[in-house]
Structures are given as structure tokens and as C-alpha cells.
2 protein chains.
Amino acid sequence: MGRMLRTWDHGFEAAFEALLTAKREDAPEVDEAVAGIIADVRARGDAALVELTARFDRVDVAGRLRVPEGEIDAALAAVPEAELAALHLAAERVRAYHERQVPRDESWEDEAGATLGWRWTPVDAAGLYVPGGQASYPSSVLMNAVPAKVAGVARLAMVTPMPEGRVNPLVLAAARIAGVDEVWRVGGAQAVAALAYGTASIAPVDKITGPGNAYVAAAKRRVFGKVGIDSIAGPSEVLVIADAANDPDWVAVDLMSQAEHDASAQAILVTDDEGFGTAVAAAVAARLETIERRAVAGASWRDFGAVIVCGNLSEAAELADRLAPEHLELLVEDPDALAARIRHAGAIFLGRWTPEAVGDYVAGPNHVLPTSRTARFSSGLSVLDFMKRTTLTRMTPQSLKAIGPAAETLARSESLEAHGLSVALRLAQLNR
Amino acid sequence: MGRMLRTWDHGFEAAFEALLTAKREDAPEVDEAVAGIIADVRARGDAALVELTARFDRVDVAGRLRVPEGEIDAALAAVPEAELAALHLAAERVRAYHERQVPRDESWEDEAGATLGWRWTPVDAAGLYVPGGQASYPSSVLMNAVPAKVAGVARLAMVTPMPEGRVNPLVLAAARIAGVDEVWRVGGAQAVAALAYGTASIAPVDKITGPGNAYVAAAKRRVFGKVGIDSIAGPSEVLVIADAANDPDWVAVDLMSQAEHDASAQAILVTDDEGFGTAVAAAVAARLETIERRAVAGASWRDFGAVIVCGNLSEAAELADRLAPEHLELLVEDPDALAARIRHAGAIFLGRWTPEAVGDYVAGPNHVLPTSRTARFSSGLSVLDFMKRTTLTRMTPQSLKAIGPAAETLARSESLEAHGLSVALRLAQLNR
């Protein structure tokens, strides 16, 4: 079972530090292989994609790299009605939430007479990576594609590996529902390279988002700068702060819903009641006997899970800020008051009726969130990730007269003569 | 002189592509050295900083790593009045602009009864890198520090190398004016490592911004993930779109104000009048005889500069979007109309009275902007770079009843049983 720590124990600080810094992922030596794959795709384009896909995914995609619309229609038709309705509900709710994120353009005239402002515009084209196999989640398609479309991205290209030609029909259905414009039968570093540099078939994009394995992550790092990328996600994590008034089994299942993702996932309970902590640990042990993904969840709980008993909820808030968790459940009497005392978390789930899983699917906020304590300085995926801001400045002769001399002075102090001259020539004309 | 291209010439496309893709910087093999420096600072902390600073900056900082407040007071007192007034004006205008960027928190109840929203909070601590030597610009101190302080960053630590112990007093003055909390006498990769990992003297920060040489850039790349970083800036660039109604010398000086930054900088004129283009080229040649930094500006103009003659302003707008320039001057009759047709630029300067240099110092918008065509997908530095968003979800029993079943359905379709259970247990209680 996961360890039980008490904040007043001797050695708590060291044990807590170990939880914070636990290395939860191997960094396999993939970077060199990825560099070779990217170079190959840049040099040989589609031919490289076909060859690499035959090798890694054991499927021949020559002449059929792109998934035809008819195949997506068929997938959509094959999805059972309940799933389809759930996907539509999720897409609608995610869209409604993200529409509120669309930033406003601004323009104003200041007291010097300068007109200042900014303007937001979408990227022209975005690429969405969707893993194949076990982690091929239709919910991730929605969470990446919907914000891009809300931002106004005109062209959204999705790439996904289809080992032996197989693809989860729900993934294709989600792509259609979310408004994905193109689906390509290619994955891995080769797909990222194609999106970044383009091939004869796949036009290049400006921004690439979406989760992937170590090869995909390494490829995203390598093409960063040529295109924009989202953050590189680490293993997922949840911190649950719960008082004794909760049902221990609810809390145990909430912890396991994180642990079942991945053996590297991390689930931690902080409670102010030791008896309750013990009861949750027992409930976890019981659930680990029966749940389908008990091997994965059990490994996660054993290696990275913990129950932390603290003196009071203030102490819990401090621990939360030190963990800066991706997901934070506040299963307490007054969750708003507790939330107000916490500065660092990707997403907060308030109150006993808000299991984190609703946020994975249908609540509305994005489920792509900062992991590995990066919530200290970064945010979940949003509409802003698919837009960029252009600043605007318009000087009148009068406003240049008012503030130009200061620019000249500073330019001179930085020994940038032409900077100063570009202002001085104009001022000279005004003073003529 | 820079080349002259006409859009209707045979070979224009190839020549324009070459301008777009010109490799404007060496990528020296610094990465290994930087890895060693970071490891050394992590292992030995302040002792490594002192030793590396003695080696690289030829100054002994043992016991005096931090610049005392008295030394900053003295620098402030030594700055001539005109410079001080200009710095204050710049800081005030930059602050006023950035205060408008502070994002709003939102919270609303949707039709299902769920309370959704988000909350923005500043990072706890930020680090600002300021180069020493020739590129030690007080304006950059303001442009990085003011947004951090407007965001509400409680602790802003500045690092800057002081070769032989020397520092530009204007840099210290700008730090004081902008509200920097700590100034440290250390630069290079070792300073970035100290900010990211902390030493006995320098507490770690959450976000590092600011320009630097290849070692600093490599160090920022390496610590990314442990802390947030701003974008890695490439050499600066300007695109000027000008019609024949301009004074060719104004345009020439505007081009040179970019070229004088760096031999790798890029200055391009696009005009719809060939005679005007020729006149600007001649004016550039004349200015290159006299300006102080003519060696640098001349190399930049020779290697990366260009005058492009096009048929009309629509064509100019298309070229601008392909270049996605860091700075874009629109020296035309109706700059607003032209700006509305351009999607990709870091900053737009509208009209004949708006030389780009006002934006470097006093206009208000940030001068840290996306270079090397990254304006296709990224934005200049802003208050948002020092903040992060936490999403908020609160379900009631009724709203969980309404949307929980869809979450259960999708969890089951993704084979994530505990996810579904976390909803199902709560719904079972409601239906009991």
C-alpha cells in the first residue's frame, strides 16, 4: 500500500520531499533515434512516412495516408448511441467553457495622444497528436480540438498511429464532432516531423499539441521553435484533501481513478483525521482487489501513492502549494474557503460531489493540465494556446513630440544612434 | 548593399524563400559545457558561482554575490537627470500598458447547475537575466521586470554578469525603478542554474525571462520544465512597408535602427514603388557611411537586408504574413486598413509618425517579441507570462445527476473503471 505520513512525525520533511521529487518516468535514450527520424521525413517526405509506418505500425499506408471522409462517416455510424450522445454532450460543454476564454482585442488613446492596443489572431493551422493503442482517448481529441476550433484555427490536422490499420472508432467520431479537418494515418516522431516540416501530402502546421510517448515528446521538443508546441506532459497526478465527513470508499475510488491511468501516476490523500486516513487506505486496498486495471493502479499506489495526516486544513493548503498538483479535489465542508488559500494547482474540484473524473470528460474545463509541479508557473490547455497577440502602436505628431525625446535619450544611453535618429528626424520635421 | 527583389521577377520565390530561411545565427557547440556548468552549480552551489564568476567575469564575488541596496542607491544617484526622467517615463508608460493585460477571474453557474470558472494567480518568484557588456540595456530591465511586478510577482530576482566588477549604472537604476527585489552579481549559464535550482544564497524561482547569449539560451532550454522560461529570442528583425509618399531617409534610418542591433539582425523594406525603393537603398548606403555602429549595421544589411518591390499593398500584406516579422512598420496612407489584412506580426507600428524605436523604449507595449517567424504562433512578453490559471469546477448533486452519466459512459468506453466508479458511487447515493 501507499505510505502513511504524519506531518508531526520525525522525518516527515524528508519523506514529503521524496514524494515531491520522485522520478516518475524513465527518460529512455530516444533522442538520437528521433533526430534520425525527423531528418528522414524532412529529406524524403511521404516516402519516409510510408516506410516508417510499415516498420513501426505494420501497416501499408502508401497512397492512403489520409483517412477518407467516408471512413470517418462509417466510424461515426458504428458508435453506439449512448457513447455518441455522451461525446456530443462533452463537446458542447467543453465548447461552452472555452468560448468564455476567447480574449478581447483592445485599443485606446492615452493622455499623450498615442493610440495603443493589441489584437488576438488564431494560428493558421494546428496539428493534433492522438496516441494509438491503450491511451487512444476520444476525450483527449475533444479537449485538444475544441479549443483550437473555438480559437478560430482554420485548418486542424490530426495524426494518429493505426497499428495493423486499427483505430478506435470513437476517436474518429470525436474528431468529426470536434471539427477536425484532416485525419492522417501516421504516428510517432515521424508524424510530428510531418506536421512541423510538411510533406507532399501533409501541409505544415504552426502549432502541435496532444499527448504521446517518449518518442513523440522528444520530437515535439526538437521541432519547438519551428512550430509552437504545448507543454510536454508528465505522468498524471491528483491530490485529494478530505475531512472525516467523507465516505472513505468515495475517496479511495477517486485516488484510484488517478492511479489507474499509469503506473507512474501519483495519487495522494491529505486529511486532518488519522482514523479517516487509515479507513481510506483500507478502502484502497479493497478496491485494488477488484478493479480492472488493478495491476497499473496498484503499482502507482505502491510506488508513488501516500496518505498524509496533518493537523488542520491550513497545513493541508500549505502542502498543496508545495505539491502544486495537476488535479486537486477539496472534499471538505467549505471548499471555496480552502481553495482561496491555495495558489498552485492546475484544476481544483470543489466539494464532495465533484469527483475529478467529471473534469476528464464533461465538466467543461480542459483536462490537459500542468503536471510534475509545473502548475507553479503554467496553465492547462486553453483557447489562448491557439492564438497569438499582436501589439499595436500609433503615434501622432503631437504624441511623438511628447514622448519621442525620452526615447531619443534612452537610445543614446544605449549607444543605438540610428534608434535615436529615427525619432530625431521626425521631430526635426515637426520643429521646422 | 542589401538585395533588391521584384515580386514579378523570375526567381523571386526562391530569393524570398532564402530570406525567410536564412540561418542568421551560429549554433555553437555550447550545450555540453552548459550541462557541466549546471551540474556544478547544483552540486556546489555558491562555491561554484564564485569560482565560475572569477573565471568568466574576472571578478571575486565571494561573500558579495548580492548587490547591496546602497550600491543601487549610489547608481541611481549617479544617473544624469535626463536619463532618469526618461527611465521613469518609460517605466510609467510600460506599466500603464501592461496593467490593462491583467486577466480577470471568472465564475458562473451553467444550466446544469455546475459552477465553473477559473482563477489567475502570479508565480511566486521570477528571475530576470540581464546581459552584461554591449547588450546591457536598461530598457530590457524595464520590459521584463514591469510585467512581472504588474502580475503581482512577490519576489523578482535579477542576475547580471559584471565583468571586472563593472555594471551599467542605468541597469541598476532601471532595476530599482521597476521594483526588482534582488540583484545578483552573476551571469551566464551559472546564473540560470542558480535561479532554477537555488543555492545557499539565491533562492530558486519559478520562471526565468530575459535575453542572453548562446550559453544563457542553452541553459534556459535545459532548465525548462524545472522552471518556466520565456521564448528563446533569435536575432531581431523589422519589416517596413512604405509607399512613395515617405521620406526615403526616414525609412533608411528605421531600417538601420534594426540593423545596428546585431550583424544577424534583419531589416527588409517592401514598397509598391520601385523608384522609392531605389531611393531608400541609396539613403541606407549614405547612412552606412556615418552612423556609429556602421560595421554591425552594414554587415546585417549586406547579409540579410532587402528591398522588395511589389505590385500593390495587398501583395505587401501577403509577404508580411509569410515573413511574420517581429516588428512591422506600416508607413502608408491608411495603416489601419493595411494592418487589418495582416495576421502574423509581433508588433505593428502604424503610420509615418511611428518609428519602431518608440516601441523599444516608451510607447508602452513590450519590446520582447517573437523573432524568426515565430509570430505565426507566439506573442510578445506580457503579464500573462508571469501568471497561471487554475480551472474551477463545483458540482451539486443535481448537476452530477445531469451530466455524471455521460462521464460514466465515456470512462467505460476508455476502459477506465475507477473513473466511472467515482461518479457511480455518488449517483448511487443520490438514487438510494
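This is a predicted model: local features need pLDDT of at least 70, side-chain atom pairs count only at pLDDT 80 or more; totals for chains, interfaces and linings use all residues.
Q: Why is A:Phe12 called buried?
A: Buried means under 20% relative accessible area (exposed is over 50%, partly exposed in between; 1.4 Å probe, protein chains only). A:Phe12 has 6% and is therefore buried. A:Phe16, with 0%, is buried as well. Of the 432 residues of chain A, 61% count as buried.

Q: What makes the pair of A:Phe12 and A:Phe16 stacked?
A: Rings of Phe, Tyr and Trp (its six-membered ring) pair if their centres lie within 6.5 Å; planes under 30 degrees apart count as stacked, over 60 as edge-to-face and the rest as tilted. The centres of A:Phe12 and A:Phe16 are 5.5 Å apart and the planes make 20 degrees, so the pair is stacked. The two residues are four apart in helix 1 (residues 12–21) of chain A, which means a separation of about one helical turn.

Q: Why is the pair of B:Trp108 and B:Trp118 called edge-to-face?
A: The angle between the planes is 80 degrees, over the limit of 60, and the centres are 5.7 Å apart, so the rings pair edge-to-face. The pair links distant parts of the chain: B:Trp108 lies in strand 2 (residues 106–109) of chain B and B:Trp118 in strand 3 (residues 115–122), 10 residues apart. Both are buried. With A:Tyr97 they form one aromatic cluster.

Q: How do you know that the two copies are related as by a two-fold rotation axis?
A: Copies are superposed by least squares on the C-alpha atoms of residues with pLDDT of at least 70 in both. Chain B is laid on chain A with an RMSD of 0.0 Å by a turn of 180 degrees and a shift of 0.0 Å along the axis. The relation is therefore as by a two-fold rotation axis.

Q: How do you know that the copies meet through the same surface?
A: Contact means heavy atoms within 4.5 Å. Of the interface residues of chain B, 99% are also interface residues in chain A, so the copies meet through the same surface.

How values were computed. Residues are numbered from 1 along each chain as its sequence is written. Chains are lettered from A and ligands numbered from 1 in the order in which they are written. Side-chain values use heavy atoms; hydrogens and water are left out.
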